[in-house]
Amino acid sequence: MSDSNHHSTTEANTASSDQFVKEMRQEEEPTMLEFSEDEEDLVARMFRLVGKRWSLIAGRIPGRTAQEIEKYWSSKCAFPSDQCSSSA
């Protein structure tokens with residue numbers, strides 16, 4: 001293999017590795033979603049009423065998806081809390 005071919009292959013591998021690391025960081029970063037106090041309160045109240053019907057809860061909060069609500073609730077409930085039980 002000539003030096004020019006080896007050099008371009010190494011650059012391609014480095015670019016591929018860099019892209020992989022970048023994608024992994026993007027997946028890890030948004031673990032904790034930012035919710036306002038009003039949104040948190042509404043999610044907690046709706047959860048007590050309808051349980052894990054995330055799309056129904058998200059329908060009450062403009063700009064939020066069912067996936068965001070579920071991810072937020074799951075991260076919040078990783079620690080014991082009175083809010084996380086469905087029985088009030």
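**View 1. Helices H2 and H4 are roughly perpendicular to each other in this predicted model.** Two packed helices are described by the angle between their axes and the distance between the axes. The axes of H2 and H4 cross at roughly 90 degrees and come within 12 Å, where axes are lines fitted to C-alpha atoms, for helices over the stretch in contact, and angles run from 0 to 180 degrees between N-to-C directions. Angles under 35 degrees count as roughly parallel, over 145 as roughly antiparallel, 65 to 115 as roughly perpendicular and the rest as oblique. Helices (H or I, at least four residues) and strands (E, at least two) are DSSP runs, numbered from the N terminus. Where the two helices touch, Glu40, Val43, Ala44 and Phe47 of H2 meet Ile69, Tyr72, Trp73 and Lys76 of H4, a contact being heavy atoms within 4.5 Å.

**View 2. The buried residues of helix H4 pack against helix H2 and helix H3.** Helix H4 spans residues 66-76, and its buried residues are Ala66, Ile69, Tyr72, Trp73 and Ser75; H2 covers 37-50 and H3 covers 54-58. Buried means under 20% relative accessible area, exposed over 50%, and partly exposed in between (1.4 Å probe, protein chains only). Within the largest nonpolar core, which has 15 residues, Phe35, Val43, Trp54, Ile57, Ile69, Tyr72 and Trp73 touch the most other members. To this core, H2, H3 and H4 each supply at least two residues. Such a core is a set of buried Ala, Val, Leu, Ile, Met, Phe, Trp, Tyr and Cys residues joined through side-chain atoms within 4.5 Å.

**View 3. A salt bridge joins the side chains of Glu39 and Arg64.** The N to O distance of this pair is 3.0 Å. The pair links distant parts of the chain, with Glu39 in helix H2 and Arg64 in the loop between H3 and H4, 25 residues apart. Both Glu39 and Arg64 are buried. A salt bridge is here a side-chain nitrogen of Lys or Arg within 4 Å of a carboxyl oxygen of Asp or Glu, and by this rule the count comes to two.

**View 4. Gly51 lies in the loop between H2 and H3.** Gly51 is buried, with a relative accessible area of 15%, and touches Met46 and Ile57, when residues up to four places away in sequence are not counted. The C-alpha atoms of Gly51 and Cys84, which are 33 residues apart along the chain, are separated by 10.0 Å.

**View 5. The protein chain has four helices and zero strands.** Read along the sequence, the chain follows the pattern α-α-α-α, and of its 88 residues 22% count as buried. Among contacts between residues at least 6 apart in sequence, 48% join residues at least 24 apart.

**Notes.** Residues are numbered from 1 along each chain as its sequence is written, and side-chain values use heavy atoms, with hydrogens and water left out. Because this is a predicted model, local features need pLDDT of at least 70 and side-chain atom pairs count only at pLDDT 80 or more, whereas totals for chains, interfaces and linings use all residues.
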